[in-house]
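Here are some notes to read beside the sequence and the structure. Please take the points one at a time and find each element as you go.

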Amino acid sequence: MPKAKIQDLRSSLLPAAGLLLAVAGLADTASAQISLTSAVDLALSNSPRIKIAQSDVARAKASLEEVKDAYIPSVSGASSGAGYSSGFPLGTPTVFSVSAQSLVFSYSQKDYIRSADQGLSASSFALKEVREQVAEDTAVTYLTLTRDQQQRAALAQETEYAAHLEAIAKDRLDSGQDSAMEYTRARRTGVQLRLQSLQLDDAIAADADHLSRLIGVPVSGLLADPASIPRLPFESGPGGQPPAALTSTDVASLPDSAGVAASFATARARREQAFGDARYVLRPQISFGAQYSRVSLYNNAYVVYYPSVGRPGLSENAYGFALNITIPVLDAAHKAHARISQADAVHAEQQAILDRDTYREGRMKLQRSMAELSAHAELAALDRDLAQQQLDVLLTQLQAAPAGSTPPLTPKDEQNARILERQRYIEMLEAQFQLRQNEIHLLKQTGGLEDWLTSGTRSTSLSTTP
């Protein structure tokens, strides 16, 4: 998210933070519900990873200013009180002195400035990448929590149907209409569903805990609001198919991520640093220096050993300035350091190429999997519709009188059909989640994640559900 947007949200987040604290105090009796956009905003405001990246940007800015300020004279002053001395002066007795030094010219300094500037670019790109990663992590966690909550609700209904099925199987066993095997199958179905319910409860607790840590507010029992999730692009495609922009294999036409840009900026910074280190020996360096001192003649023997100081017309003020020209002729240590810088530059350049290739390969895999996942989600939806239609037909047949020699349908068949319909519904939720998760990853890599997140209704308020 742009920094300006986050700044605009801070004032609106203050009442939400107070409400969050209130909800935390009611954790034993209520659950806090938060929207997707609110969760992302809070995560971007409170994430330690983002704050670390921001501090890296601040450090890079200071480093750039440091190398530029080498041309600005640094002024220092020193003072001493007048004191007693006897014998040959151990030093110039000064009341105070002021000195200034600065760099005037260096072949390497401009390379160091360009290196620091590229370092700042790398930090800025890294900050953008971290912000996108935090937003992506928060969005995926929110969708995971939503899926688990929906599956848990469907599983509760399925468990209820399984309990009815077990009771019917027991009655049929007692009346001699069914074998013990049928009753055992019914009991096994109920135990299996209870196990799945326990596993989903654990998953929901883990997802809610992870989401609370992402948003930086310790609220237990967070609940997702499915209505706050904006429509994903694939949901707007014809026939449920993802848009062509998300399934395109023309990787070269798509921009690389901020992380890849940061890698190449780091490589350029290392290269400029290597240029500067390599152009150090046998090249002149010019620096400026100036100094002023006020000499003290009080209570010392300075005028005795330097009689001309006390003559009339001679000032007790001493000053001087000069340009110093230095030509490094032999510096083996610096040459070795230049070779280290060169090796670091080659390493950074090849690492940037590797990062780019890995990123593009992963993006291509995501693009190519979109059509497959979309078809899988569509198939799961059709299976669920088919199970619902079969249930409707069965309920109609149960209400109608049996005709001919067709075996009559029983309440046990009804419960089995209801259980099957809920199972297909849960499978559909899982397939849709896999598609949504994949598309969020792809949106992040194609630069569309921010637009998708901001397309929903922004709300920073929380509501409590008893």
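1. Just after helix H4, Gly176 adopts a positive phi of about 80°. Helices here are DSSP runs of H or I with at least four residues, strands are DSSP runs of E with at least two, and both are numbered from the N terminus. The model is a predicted one, in which local features need pLDDT of at least 70 and side-chain atom pairs count only at pLDDT 80 or more, while totals for chains, interfaces and linings use all residues. Residues are numbered from 1 along each chain as its sequence is written, and side-chain values use heavy atoms, with hydrogens and water left out.

2. H4 itself covers residues 109-174, which is 66 residues, and it reaches 94 Å from its first C-alpha to its last, close to the 98 Å expected at 1.5 Å a residue; the expected span is 1.5 Å times one less than the number of residues.

3. The axes of helix H3 (residues 48-68) and H4 come within 9 Å and cross at roughly 170°, where axes are lines fitted to C-alpha atoms, for helices over the stretch in contact, and angles run from 0 to 180 degrees between N-to-C directions. H3 and H4 are therefore roughly antiparallel to each other, since angles under 35 degrees count as roughly parallel, over 145 as roughly antiparallel, 65 to 115 as roughly perpendicular and the rest as oblique.

4. Helix H2 (residues 36-46) packs against helix H5 (residues 180-215) at an angle of about 55°, with the axes 7 Å apart, and the two are therefore oblique to each other. The contact (heavy atoms within 4.5 Å) is made by Ala39, Leu42, Ala43 and Asn46 of H2 together with Leu211, Leu214 and Ile215 of H5.

5. Four strands form an open, antiparallel sheet in the order S2-S3-S5-S6, and two strands pair if DSSP finds at least two bridges between them. Strands S2 (74-79) and S6 (317-326) stand at the edges with a single partner strand each, so one side of each is left without a neighbour in the sheet. The twist averages 15° from one strand to the next. S2 pairs with S3 (residues 94-106) over six bridges in the antiparallel sense, and Gly77 stands opposite Val98 in S3.

6. Leu398 is found in helix H9 (residues 332-399). Leaving aside its neighbours within four places in sequence, Leu398 is in contact with Leu409, Thr410 and Glu414. Leu398 and Thr410 are twelve residues apart in sequence and 7.3 Å apart in space, C-alpha to C-alpha.
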